[in-house]
Amino acid sequence: MTINYSEKIPNNVGLADDRALQRALEHWQPRFLDWWREMGPDDFAGADVYLRTAIGVDAQGWANYGTVKMPDYRWGIFLADPIPERTVGFGDFFGQPVWQQVPGEFRSQFRRLIVTQGDTEPASVEQQHLLGHTCPSLYDLRNLFQINVEEGRHLWAMVYLLHAHFGRDGREEAEELLARHSGDADKPRILGTFNEPIEDWLSFFCFTYFTDRDGKFQLKSLAESSFDPLARTCRFMLTEEAHHMFVGETGLGRVVKRTLEVMKETGSDDPEAIRRQGAVDLPLLQRYLNFWFSSSLDLFGSEVSSNAASSFANGIKGRPDEAAQYQEHVCADAGFELEVPDDEGIKKETVGMRNAMNEVLRNAYIRDCEIGVKRWNLQIKRAGHHIELRLPSSRFRRAIGAWANVPTDLEGKPISREEFARRLPGWIPSAADKAFVKSLMQRAVEPGKIAAWIAPPERGVNNLPVDHEYVRLN
Ligand code: BYC
């Protein structure tokens, strides 16, 4: 297959003049398309979808909007503009010029991080494979597909780095990114949350709220990297990522809005009464939040991590907004106080700051997650109810790190294993909850029509009306 580079693959990495990169991509691109057809949105290859496509890195005009069939989407490769005379912003090489090539001694560490980042992108597309069939509106269907094609582009972004900077190993890793699959018993995706099924749109909105937000924090940390092509790639990815979190936050806000309308209509906050009207009761929503938040917390890794310490020391992965948010960028002697489990329950322990970088990121992430929850609670309060949605403790239901498999309640208080097993079904979605949510997932595909469990969006996409035919099903 011959590729017309500037036409087919919008890029600012000089692809037309780089034979080695062309050869690697020529080999990989048909495999990517096979993967997309098999694992991407099921059944919508012929649909005309109103999508934005990244065409450059100019803040004013970085994307085009237009109607596209998804397999014809132009997955491009972009690096944000270089920062002149950029220097290493943290760790042992602080203040030295950044690197345009990967230093040999850090090669495997960089490869591991780029592969882990790359692995999540196609994983999320796989998780969302069937959702199109049960979309609550054409507006939502379009947003799902927008996210899917952009996750595809984020995979391209990581594959570009592997092909351009990691030689044969990189090419092999790029193939493997298409060979592992979400939830596959033999070849699962690398990180836990990306093997969780997303079978309904409530999960999809939780995933885009919580899990895409992990993406924001990880990408911001990698955007600080001393390996400049990685930093610039991630900086540009963040432009697209913002929309994914917007879909999550407004999606959950619209669910809350509809539930409040039903509570008003029925004059009751009884979950059964709300369910009879085909809406999501708030305790049910709370259980979904508990599930996806606790799973996404694991994505930051262990509280104490020698990998994180050496990534920071070597200038490989920093903290989000390192220059603006932190005073001290070397962190060689600083300590960090952690709460860890012990026989008595909880004890405090001080570890080296560099070893605690995963926890530093997790804490910043938690603060960011709280913003949306506050907004939804304001909606609830304004409607005259005293119910509050809450994020569970970061100790609750963890599978990675110091709190892995330590039974606690939602407040993070250690409890017995028996009590945990008994109460867990009331804390995360039960089989009956999931069956109920599934029963709500009736497809709405007439322009302007919205499923009964969610309020319409406040505005459409790119100044178009909400009832625009965002997807034409052919
Ligand atoms: N599940 O020292 P540890 C996104 C592994 S989301 C399974 O604790 P470390 C997106 C870890 O890999 C952002 N395994 O932590 C969102 C390591 O394994 P190896 C994705 C886990 O090394 C939505 C071992 O445990 N990007 O973009 O500091 C849609 C010990 O690790 C988990 C990144 O994560 C887990 N939850 O790792 C689409 C950035 N957590 O290597 C896209 C790249 C840890 O010993 N990754 N492990 O076999 C990283 O920066 C780091 O690898 C981690 C922390 C953040 C994962």
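How do the residues of the lining of the largest pocket divide into nonpolar, polar and charged? The legends below take this up, along with other close-up views of the predicted model.

**View 1. The lining of the largest pocket is shown by residue class.** It divides into 15 nonpolar, 17 polar and 12 charged residues. The space in this largest pocket is about 920 Å³. Of its 44 lining residues, Leu191, Asp298, Leu299, Phe300 and Gly301 are the closest to the centre. Two or more lining residues come from each of the elements α3 (107-127), α6 (201-222), α10 and α13 (417-423). Helix α6 gives the largest share, with 8 residues.

**View 2. The second largest pocket has a volume of about 610 Å³.** Its lining is made of 25 residues, and those closest to its centre are Gln127, Pro197, Ile198, Glu199 and Asp200. The elements α2 (19-39), α3, α9 (282-297) and α14 (431-440) give two or more residues to this lining. The largest share, 3 residues, belongs to α9. Sorted by class, the lining of the second largest pocket has 11 nonpolar, 7 polar and 7 charged residues.

**View 3. The largest cavity holds about 70 Å³ of space.** The count of cavities of 30 Å³ or more comes to 2. Around the largest cavity lie Ala308, Ser311, Phe312, Lys317, Gly318, Arg319, Met357, Asn358 and Leu361. At least two of the lining residues are supplied by α10 (306-313), and at least two by α12 (357-382). By class, the lining of the largest cavity consists of 4 nonpolar, 3 polar and 2 charged residues.

**View 4. The second largest cavity contains about 40 Å³ of space.** Its lining is formed by Ser137, Leu138, Tyr139, Glu446, Gly448, Lys449, Ile450, Val466 and His468. These residues of the second largest cavity fall into 4 nonpolar, 3 polar and 2 charged.

**View 5. Glycine 251 is shown in helix α7, which spans residues 228-266.** Is glycine 251 buried or exposed? Glycine 251 counts as buried because its relative accessibility is 0%, and the cut-off for buried is under 20%. Leaving aside residues up to four places away in sequence, glycine 251 touches Phe205, Phe246 and Ile454. Phenylalanine 205 is 46 residues from glycine 251 along the chain, while the C-alpha atoms of the two are separated by 5.7 Å.

Terms used
Residues numbered from 1 in each chain as written. Predicted model: local features only at pLDDT ≥ 70, side-chain atom pairs only at ≥ 80, totals over all residues. Heavy atoms only, no water. Helix = DSSP H or I, 4+ residues; strand = E, 2+ residues; numbered from the N terminus. Buried < 20%, exposed > 50% of the residue type's maximum accessible area, 1.4 Å probe, protein only. Contact = heavy atoms within 4.5 Å. 1 Å grid on protein atoms, 1.4 Å probe; cavity = no way out; pocket = protein on both sides within 12 Å on 5 of 7 lines; lining within 4 Å. Points joined across faces, edges and corners; volume = space filled by probe spheres on them. Nonpolar A, V, L, I, M, F, W, Y, C, P; charged D, E, K, R; others polar.
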